[in-house]
Amino acid sequence: MDISSINWALLLASLMVAATPILLAAIGELVVERAGVLNLGVEGMMISGAVCGFIVAHHSGSPWLGFLGAALGGAALSVLFAVLVLNLLSNQVATGLALTLFGLGMSSLVGRGYNGIKAPVFDKVDIPLLSDIPVLGPILFQHDLMVYLGLALVISTWAVLNHTRAGLILRAVGENHEAAHALGYKVVGIRYLAIMFGGACAGLGGAYISLVRVPQWTDGMTAGAGWIALAIVVFAGWKPWRLLIGAYLFGGVTVLQLNLQAAGVAIPVEYLSMSPYIATILVLVIMSAGRAPGSLGRTFHASR
Amino acid sequence: MLKLEKRAQPSQVWTYATPLLAVLVTMVAGGLMFAALGEAPVTAIRTIFWDPLFGQFAAFSRPQLLVKAAPLILIAVGLSFGFRAGIWNIGAEGQYIMGAICAAAVGLAFYPLEARWLIFPLMILAGLLGGMGWAMIPALLRVRFGTNEILVSLMLVYVAESLLATMALGPLRNPDGMGFPGSRNLSQYASSANLELIARTGMHWGVVFALVSVILAYGLLSRHIFGFNVRLSGDSPKAAAFSGVQPGRLIIACMAISGALAGAAGMFEVAGPSGQISIDFNVGYGFTAIIVAYLGRLHPLGILLAGFLMALTYIGGEVAQLTLGLPRSAIQLFQGMLLFFLLAMDLLTNYRVRFTKTGGA
């Protein structure tokens, strides 16, 4: 056991990479939930994004096209969910579960011939000047562009939700869909857009796992990341900036346990690998202080 | 222009018709999917739904129907209580694993003592308690801290899977197994074996337990005040609160029932068909049971039928894997589709579709 052998700067740098897929999926789900819809299918959309992204990237040789394919794949799957809960008025919890089961089955069917192939390389970008700063440079400024895209997405989501008219309408729909409907807003249309945004983000998050983190395709490779993203939205109290804390906390636990495994700590590997899940539960217990959007999970039916 | 009108009462006719309709539509959609995979659709559907029962090798596959249906029915009956009351235990897979681990641990602790009258019942008890204990974690956190039980119960599935691997590689590993992972074979140990009660039927103690649980659940739901409170809490939480139902107690009771039954399912599996604790012991019964519960309309008798249907798709899937080379995931997809169609068609149960002349609504 040799904890001093862990390189802490490297650990913090890989923390940002480990947090990115969850951050991407969680920011999408946050928007969906702020619009008043609970989509428990994040895991299914992530794994579909992972497989779509991998296949597109593999055939085109371009990771960027892969990410585009993943976003489209995730969004396409989310439309299925949207039709069911918005037009056919089905139960959101059960439909979300169905989406996850469906996505897991579909991804392993589609990805059958792609097991064990390596993904095309996704380049890291050293930001000029900033990446040369000692210690902080390697931690913050030597990542691939998706890491920064994830951060930009969080910031822009915060700005749109809190400082634009569109954000206000979206929140109104989520807080009280009857009142928003009475004011003349198209509740169903707005929710469609939110759900598709959520699907696209989950797809991106999944593709980040299959194209950058691992980087190859294996069955069921998201391993609960979608559920953790859901947990982080609750932890964040539906606030974008707190999402960052949650995702980095989780990324930290994941990376730390991997490093401890590598450093040969006397704790069995299985106990270490369950730690991210236990950490998520603990975080949910301690920090479930936020107030959920008023209409979250309720079916909207314009009867008048 | 189509218009939806909410029914005052869910339609009786559609309540029974939608599951059948959903199965038919899934067969058609599944046929299209198989055609897209390059299989003859009719052959594929027949291989999955007909051959296991009446085909060439039916003598081998028919007993499997009971073997696969028993855990699905046990778990789904347990889940149906919570689902009716709006309590979402979706971590039955974890409770199933923990039931199996606890039961196996008890059985192995007595090895090689020959005392079936003591050990087998103790193992059932351990299975029940193991599953129930695991389900109590999300239940108590929900009651005490208001933590979301969906997420906690699901996270615990991953924890249970890690524990399963630990047990198969460590404490429960077979000391005579020449270093291979996995425990001793419990189905070859006379005191713990969950044997076939009638030869070549697949009928084992788990099946008996499942049938009894269906009957008890039916009685509890339709004849007992607890069942009434469960249904009331699901339909109208406010009315339930006014009539004095304590939500905390209801959550704990529902989670305890579903956890215990899932744990028992794990016990019967580990002592019988599976035989040992191994890394790949769980095969997703806990998740498929969610579909079974819904397909059965959260009603014990419906779940009984749905359990057999779902077991059939499992076996048919294995047959199709062998004879047609269809991937296992195709069946998973098929099951997911079934739940989708069922949820979509529930619209007809709860709403009336009307045609209006102009677009005015």
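With a relative accessibility of 9%, K68(B) counts as buried (under 20% relative accessible area with a 1.4 Å probe and protein chains only; over 50% is exposed, and in between is partly exposed). The model is predicted, so local features need pLDDT of at least 70 and side-chain atom pairs count only at pLDDT 80 or more, while totals for chains, interfaces and linings use all residues. Residues are numbered from 1 along each chain as its sequence is written, chains are lettered from A and ligands numbered from 1 in the order in which they are written, and side-chain values use heavy atoms, leaving out hydrogens and water.

K68(B) forms a salt bridge with E318(B), their closest N and O atoms being 3.5 Å apart (a salt bridge is a side-chain nitrogen of Lys or Arg within 4 Å of a carboxyl oxygen of Asp or Glu). The pair links distant parts of the chain, as K68(B) sits in helix 4 of chain B and E318(B) in helix 13 (residues 300-323), 250 residues apart. Helices here are DSSP runs of H or I with at least four residues, strands are runs of E with at least two, and both are numbered from the N terminus. E318(B) is partly exposed, at 36% relative accessibility.

Over all chains, the whole structure holds five salt bridges. One of them joins R298(A) to E178(A), with 3.6 Å between the closest N and O atoms. R298(A) lies in the segment after helix 13 (275-286) of chain A and E178(A) in helix 8 (residues 177-182), so this pair ties together parts 120 residues apart in sequence.

Helix 4 of chain B (residues 58-85) also contains V67(B), which is buried with a relative accessible area of 11%. Leaving out residues up to four places away in sequence, V67(B) touches G202(B), H204(B), E269(B) and P273(B), where contact means heavy atoms within 4.5 Å.

How do the two chains meet? The contact takes 39 residues from chain B and 42 residues from chain A. About 3600 Å² is buried between them, 82% of it given by carbon and sulfur atoms; buried area is the accessible area (1.4 Å probe) that two parts lose on being put together, summed over both. In chain B, L151(B), M155(B) and F340(B) lose the most area to chain A, together 20% of what that side buries. The count of salt bridges between chain B and chain A is zero.
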